[in-house]
Amino acid sequence: MHNKKNTIAVVGGGSWATANIKILTDNSTEKEIFWWMRNELAVQHLQKFRHNPNYISSVEISVPAQNISTNLKSLISKAEFILLNVPAAFLKEALIGITPADLAGKKIVSAIKGIVPDENQIIGEFLNQQYNIPFDHFIVISGPCHAEEVALEKLSYLTIASRDNKLAAEFAGMFNTRYIKTIVSDDIYGTEYGAVLKNIFAIASGICHGIGYGDNFQAVLIANAIRELKRFVDAVHPINRDIMESAYLGDLLVTAYSQFSRNRTFGNMIGKGYTVTSAQLEMNMIAEGYYAVNCLQQVNKQYKVSMPICDAVYAILYEKRPPALEMKHLAEHLS
């Protein structure tokens with residue numbers, strides 16, 4: 001078994017996709033890597049210069065030129081593992097022309113931290129319903145891990161979750177390196193929803209910072225956020241999980257506090273008075289939490305979990321409520 005060569009196709013051209021390519025190539029398991037991105041110019045640049053021109057450009061890419069392409073169907077046909085790494089809001093667009101037959105028998109890995117709009121489904125549910133992917137063929141990558149720190153080879157921990165423990169362990173074996181430690185989990189729902197929620201909480205923390213609240217308030221906000229996260233994932237998928245593990249609490253902390261957090265940066269700009277559109281233009285990156293809070297608002301109509309922080313972020317971003325007033329109102333409900 002161990003002499004079988006793994007084949008894996010990475011779908012997406014952003015900073016986290018680029019970081020995942022680096023991790024896969026730095027890992028010692030023998031494998032062939034394919035890389036799809038939409039941008040033809042970026043593909044040509046990569047083939048010629050071995051760097052992604054647009055995201056974490058310092059990373060040298062050792063994927064063979066002929067394995068980098070804008071033709072997703074052909075790359076999927078060559079790979080056993082398909083690692084999805086595009087923003088959730090653009091997943092359907094990326095998969096245009098791909099049929100359930102193309103993905104039959106493949107192991108699908110999600111490194112996406114978001115919810116698919118319209119369907120309002122986390123990635124595993126979306127793939128299961130739209131592409132007939134069995135949950136036992138599905139893997140989630142989560143945990144506190146900014147692409148910028150992967151590029152610098154700073155020690156980071158990733159949680160690899162699958163209902164099939166052997167599959168999770170097999171994929172984790174392709175992902176651990178000198179600077180990436182992997183933890184195996186069976187909680188595909190909690191890790192996916194946790195990753196979605198922490199982006200929303202990071203926007204809240206950025207908004208508070210932008211308005212002028214300090215670190216003391218931020219700590220209270222995040223202490224409340226982890227309880228809000230627990231209430232929600234326990235309602236959606238009640239299993240025995242420890243919310244203090246790094247996939248939940250750790251990911252929340254780094255996203256709420258780190259200089260590399262785009263959701264925090266986005267929130268900070270909103271708090272300072274930017275419109276959503278101008279903040280997005282200025283950042284030139286996707287803040288997943290912006291789309292996620294709208295989707296989550298719809299999902300929670302079913303569960304009716306008390307989520308004051310998510311409600312406040314939704315009110316600011318989608319109901320155009322003044323950030324300072326909304327956060328003042330939220331502050332009355334925190335403990």
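Q: What counts as contact here?
A: Two residues are in contact when they have heavy atoms within 4.5 Å. Keep in mind that this is a predicted model.

Q: OK, helix H2. What do its buried residues pack against?
A: They pack against two strands, E2 (31-36) and E3 (68-69).

Q: Which residues of H2 are buried?
A: H2 covers residues 40-49, and Ala42, Val43 and Leu46 are its buried residues.

Q: Where do they sit when you look down the axis of H2?
A: On one face of the helix, because the buried residues fall within an arc of 105°. An α-helix has 3.6 residues a turn, so residues three or four places apart point the same way.

Q: And which exposed residues are on the face turned away?
A: Leu41 and Lys48 are the exposed residues there.

Q: What happens at the start of H2?
A: Asn39 makes a polar contact there. One of its side-chain oxygens comes to within 2.9 Å of the backbone nitrogen of Leu41.

Q: And just after H2?
A: Arg50 comes there, with a positive phi of about 65°.

Q: What about Glu40, is it buried, exposed or partly exposed?
A: Glu40 belongs to H2. Its relative accessible area is 38%, so Glu40 is partly exposed.

Q: How far is Glu40 from Thr70?
A: In sequence they are 30 residues apart. In space, their C-alpha atoms are 6.4 Å apart.

Q: New topic: the largest nonpolar core. Which residues touch the most other members?
A: Leu127, Phe266, Leu296 and Leu317 do, in a core of 81 residues. Helix H9 (residues 188-211) gives the largest share of this core, with 11 residues.

Q: Where is a second core, and what does it include?
A: It is separate and has 39 residues, among them Trp16, Ile21, Ile56 and Cys145. In soluble globular proteins, nonpolar side chains tend to be buried together.

Q: Back to Leu127. Which residues is it in contact with?
A: Leave aside neighbours within four places in sequence. Then Leu127 is in contact with Leu84, Leu95, Ile108, Asn132, Ile133 and Phe138.

Q: And Ser110, buried or exposed?
A: Ser110 is buried, because its relative accessible area is 0%. Ser110 lies in strand E5 (residues 107-110).

Q: Which backbone nitrogen does its side chain reach?
A: The side chain of Ser110 reaches that of Ile112, at 3.2 Å.

Q: What else does Ser110 touch?
A: Not counting residues up to four places away, Ser110 touches Leu84, Ile123, Phe138, Ile139, Val140, Ile141 and Glu192.

Q: Now helices H10 and H15. At what angle do they pack?
A: H10 (residues 215-236) and H15 (residues 308-318) pack at about 105°, and their axes are 8 Å apart. That makes H10 roughly perpendicular to H15.

Q: Which residues make the contact?
A: From H10 come Leu221, Asn224, Ala225, Glu228 and Arg231. From H15 come Pro308, Ile309 and Cys310.

Q: Last one, helix H16. Which residues are buried?
A: Pro323, Glu326, Met327 and Leu330 are buried in H16 (residues 323-331). They are on the same side of H16, because they cover an arc of only 95° around the axis.

Q: What covers those buried residues?
A: The cover includes H9, H10, helix H12 (262-271) and H15.

Q: And what is exposed on the other side of H16?
A: Leu325 and Lys328 are exposed there.

Key. Residues are numbered from 1 along each chain as its sequence is written. This is a predicted model: local features need pLDDT of at least 70, side-chain atom pairs count only at pLDDT 80 or more; totals for chains, interfaces and linings use all residues. Side-chain values use heavy atoms; hydrogens and water are left out. A nonpolar core is a set of buried Ala, Val, Leu, Ile, Met, Phe, Trp, Tyr and Cys residues joined through side-chain atoms within 4.5 Å. Buried means under 20% relative accessible area, exposed over 50%, partly exposed in between (1.4 Å probe, protein chains only). Helices (H or I, at least four residues) and strands (E, at least two) are DSSP runs, numbered from the N terminus. The arc is that of the directions from the helix axis to the C-beta atoms. A polar contact is a pair of N or O atoms within 3.5 Å; within protein, one must be able to donate a hydrogen and the other to accept it, and residues adjacent in sequence count only if both atoms are side-chain atoms. Axes are lines fitted to C-alpha atoms, for helices over the stretch in contact, and angles run from 0 to 180 degrees between N-to-C directions. Angles under 35 degrees count as roughly parallel, over 145 as roughly antiparallel, 65 to 115 as roughly perpendicular and the rest as oblique.
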